[in-house]
Amino acid sequence: MQLGALHHAALTVADRDASSSWYTEVLGLVELFREDGDERRAAVLGFPGGGFAVGLVEFTATAAGDR
């Protein structure tokens, strides 16, 4: 399997910090943006020059229970 034209992706994760660390250590992405809210925590990672970005969203236990 090969992805040839992926420019951005958004993923729901169980642990934003651990996921962010994996993308920085394994793929060499850098964190471009971070948000800490009541219902969710998010981070956007990408390459400094652009070209690819991934958004990671972790919903808090309270928000997940409300669904």
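**Exercise 1: Salt bridges**

How many salt bridges does a search of the whole structure find, and what do some of them look like?

*Solution.* The search of the whole structure turns up eight salt bridges. A salt bridge here is a side-chain nitrogen of Lys or Arg within 4 Å of a carboxyl oxygen of Asp or Glu. Before we go on, note that this is a predicted model, in which local features need pLDDT of at least 70 and side-chain atom pairs count only at pLDDT 80 or more, while totals for chains, interfaces and linings use all residues. Residues are numbered from 1 along each chain as its sequence is written, and side-chain values use heavy atoms, with hydrogens and water left out.

Step 1: Take Glu 31 and Arg 34, whose side chains meet in a salt bridge at 2.6 Å, N to O. Glu 31 has a relative accessible area of 34%, so it is partly exposed (buried means under 20% relative accessible area, exposed over 50%, partly exposed in between, with a 1.4 Å probe and protein chains only). Arg 34 is partly exposed because its value is 37%.

Step 2: Turn to Arg 40 and Glu 35, which form a salt bridge at 3.3 Å, N to O. Arg 40 is partly exposed at 38%, and Glu 35 is partly exposed at 26%.

Step 3: Look at Arg 41 and Asp 36, joined by a salt bridge at 3.9 Å, N to O. Arg 41 is partly exposed with 22%, whereas Asp 36 reaches 53% and therefore counts as exposed.

Step 4: Salt bridges link Arg 16, Asp 17, Glu 31, Arg 34, Asp 36, Arg 41 and Glu 58 into a network.

**Exercise 2: The layout of the chain**

In what order do the elements of the chain run from the N terminus on?

*Solution.* Step 1: Count the elements: the chain has two helices and four strands. Helices (H or I, at least four residues) and strands (E, at least two) are DSSP runs, numbered from the N terminus.

Step 1: Read them off from the N terminus, and you get β-α-β-β-β-α.

Step 2: Of the 67 residues in the chain, 24% are buried.

**Exercise 3: The nonpolar core**

Which residues form the largest nonpolar core?

Step 1: List the members. The largest core has seven residues, namely Val 13, Tyr 23, Leu 29, Ala 43, Leu 45, Val 54 and Leu 56. Strand 3 (40-46) and strand 4 (53-59) each supply at least two residues of this core.

Step 2: Not counting residues up to four places away in sequence, Val 13 touches Ser 19, Leu 56, Val 57 and Glu 58, where contact means heavy atoms within 4.5 Å. Ser 19 lies in helix 1, and its relative accessible area of 17% makes it buried. With neighbours within four places in sequence left aside, Ser 19 is in contact with Val 13 and Leu 56.

**Exercise 4: Aromatic pairs**

How many aromatic pairs does a search of the whole structure find, and how are their rings arranged?

*Solution.* Step 1: The search gives two aromatic pairs. Rings of Phe, Tyr and Trp (its six-membered ring) pair if their centres lie within 6.5 Å; planes under 30 degrees apart count as stacked, over 60 as edge-to-face and the rest as tilted.

Step 1: In the pair of Trp 22 and Tyr 23, the ring centres are 5.0 Å apart and the planes stand at 85 degrees, so this pair is edge-to-face. Trp 22 is partly exposed at 44%, whereas Tyr 23 is buried at 16%.

Step 2: Phe 47 and Phe 52 make a tilted pair, with 6.4 Å centre to centre and 45 degrees between the planes. Phe 47 is partly exposed, with a relative accessible area of 35%.

Methods: A nonpolar core is a set of buried Ala, Val, Leu, Ile, Met, Phe, Trp, Tyr and Cys residues joined through side-chain atoms within 4.5 Å.
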